[in-house]
Each structure stands twice: as structure tokens, then as C-alpha cells.
Amino acid sequence: MLWRLGIGADLIMQLCDIPVMLIFYVLLKPVNRNLALMNLLFNIIQTAVLVANKLNLLMAFFLLGDAAYFSTVDHYQFQGMAYLFIRLHDYGFGVGLVFFGMVCLVEGHLIFRSGFFPKTLGRLMQVAGLCYLVNSFALILYPSLNLFPYVLLPPFIAELGLALWLVIKGIEVPKWNQRNLKANTEI
């Protein structure tokens with residue numbers, strides 16, 4: 001049951017990604033409409049990859065079930081295949097983070113240029129994007145090189161900083177309104 005709850009919780013988080021994507025698109029569109037749209041598209045692809053990747057966890061769960069048709073095959077073979085799907089999930093997550101790395105790079109640039117967010121948050125998000133890209137490509141190209149605990153500390157700091165900034169301080173609304181008005185008159 002814990003396995004299913006974990007998958008369900010992850011899917012709920014990914015459902016929550018959709019309104020967050022829309023909020024960031026609306027917030028960052030006045031800075032550069034095309035880059036905000038590209039950011040949204042990278043984010044949609046990342047979430048779609050992660051949602052589809054949950055099927056690997058479900059497959060591992062099914063293989064370790066006690067269905068009657070499983071009695072014809074050696075249990076160790078199913079354990080091996082289940083492990084394979086769990087490993088495939090690790091790599092699928094890494095593929096999703098390639099797109100999220102691009103989200104962080106573009107979003108960081110937009111935050112830096114916005115004028116209604118601190119420039120430091122923008123740079124931190126760009127560093128986070130580079131870290132995600134390095135980690136994911138290292139996983140795919142050099143799987144024996146385990147960078148996981150080290151290279152993902154900067155993204156943790158950047159994303160936590162952005163989340164706390166939005167919850168505690170928010171954006172500078174007058175500057176956003178001014179930027180939005182200017183962007184709408186240029187269209």
C-alpha cells in the first residue's frame with residue numbers, strides 16, 4: 001500500500017505542477033513572451049515525462065504481485081524484471097530533469113531580467129538548471145559517476161529560496177504591473 005500511496009502522492013504533486021506552470025507563465029510573460037512560452041513548454045514536457053515514468057513503478061509493483069498467472073514463471077525472474085523497471089524509473093526521472101534543467105535556466109534568466117524579483121534568485125535558478133543538466137547527463141553518459149548528493153544541493157537552495165521568496169515577500173506588484181502594461185502596449 002505504501003508503494004501505491006507514494007505513486008499517488010507523486011501524481012498529485014504533478015497535477016499541482018499545472019497551475020504553478022500557468023502562474024509562472026503569467027508572471028514572466030511581460031519580461032519576454034517567447035521565453036516564457038518556451039519555459040512553459042519545457043515544463044509541460046518535463047511533467048509529461050515524469051507522469052509517464054510512473055508506469056515503470058507500477059510495472060514493478062505488478063511483477064511482484066501474487067496473481068495466479070505468475071505461478072508459471074520463476075519468482076526470481078520477476079524480481080529481476082521488477083528491479084529493471086525500478087532502475088528504468090531512475091533513468092526516466094533523469095530524462096525528465098533534463099527538461100526541468102532547461103526550465104530552471106530559462107526561468108532564471110526571466111527572473112533575473114524581470115525587475116520584480118531579486119536578481120540573485122534568477123542566478124541561483126540558472127545554477128540549479130546547470131546542476132540538473134550535469135546530473136542528468138552524468139546519469140545517462142557516465143552512470144558510475146554518482147554526483148547525486150553533491151550536484152543537487154544548489155537546486156535545493158535555489159528552489160527553496162524562490163518558494164520562500166514567493167510565499168513570504170512575493171513579487172513587487174507595481175513593477176510587475178508597469179512591465180505588464182509596457183509588454184501589452186508593444187503587442
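The predictor's confidence in each residue is expressed as pLDDT, a score that runs from 0 to 100. The structure described here is a predicted model, and its chain averages a pLDDT of 91, with 96% of the residues scoring at least 70. Within the chain, confidence is lowest in helix H5, which covers residues 148-151 and has a mean of 79, whereas the highest value, 96, belongs to H6. Where pLDDT is low, the predicted coordinates should not be read in detail.

The packing of the helices may be considered next. Two packed helices are described by the angle between their axes and the distance between the axes. For H1 and H2, the angle is about 175° and the axes are 10 Å apart. Because angles over 145 degrees count as roughly antiparallel, this arrangement makes H1 roughly antiparallel to H2. Sorted by class, the contact of H1 with H2 comprises 15 nonpolar, four polar and five charged residues. A second pair is formed by H2 and H3, whose axes cross at roughly 170° and come within 8 Å; H2 and H3 are therefore also described as roughly antiparallel to each other. In the contact of H2 with H3, 25 residues are nonpolar, nine are polar and two are charged.

The pockets of the model bring several of these helices together with others. The largest pocket has a volume of about 580 Å³ and is lined by 24 residues, of which Asp-17, Val-20, Phe-24, Phe-100 and Glu-159 lie nearest its centre. At least two residues of this lining are supplied by each of helix H1 (2-28), helix H2 (33-63), helix H3 (75-114), helix H4 (119-141) and helix H6 (153-169). Of the elements that contribute, H1 gives the most to the lining of the largest pocket, namely nine residues. When the lining of the largest pocket is divided by class, 17 residues are nonpolar, three are polar and four are charged.

The second largest pocket has a volume of about 330 Å³. Its lining consists of 16 residues, and those that lie nearest the centre of this pocket are Asp-90, Asn-135, Leu-139, Asn-146 and Phe-148. The elements that give two or more residues to the lining of the second largest pocket are H3 and H4, and the largest share, six residues, comes from H3. By class, this second lining contains ten nonpolar, four polar and two charged residues.

Glu-159, which is among the residues nearest the centre of the largest pocket, is placed in helix H6. Although Glu-159 and Leu-124 are 35 residues apart in sequence, the separation between them in space is 8.3 Å, C-alpha to C-alpha. The other residue, His-75, lies in helix H3, and its relative accessibility of 43% means that His-75 likewise counts as partly exposed. Between His-75 and Leu-63, which are twelve residues apart along the chain, the C-alpha atoms are separated by 9.2 Å.

Key. Residues are numbered from 1 along each chain as its sequence is written. This is a predicted model: local features need pLDDT of at least 70, side-chain atom pairs count only at pLDDT 80 or more; totals for chains, interfaces and linings use all residues. Side-chain values use heavy atoms; hydrogens and water are left out. On a 1 Å grid over the protein atoms alone, a cavity is a set of points where a 1.4 Å probe fits but cannot get out, and a pocket is an open set with protein on both sides within 12 Å along at least five of seven lines; lining residues have an atom within 4 Å of a point. Grid points are joined across faces, edges and corners, and a volume is the space filled by probe spheres set on the points. Helices (H or I, at least four residues) and strands (E, at least two) are DSSP runs, numbered from the N terminus. Ala, Val, Leu, Ile, Met, Phe, Trp, Tyr, Cys and Pro count as nonpolar, Asp, Glu, Lys and Arg as charged, and the others, Gly among them, as polar. Buried means under 20% relative accessible area, exposed over 50%, partly exposed in between (1.4 Å probe, protein chains only). Axes are lines fitted to C-alpha atoms, for helices over the stretch in contact, and angles run from 0 to 180 degrees between N-to-C directions. Angles under 35 degrees count as roughly parallel, over 145 as roughly antiparallel, 65 to 115 as roughly perpendicular and the rest as oblique.
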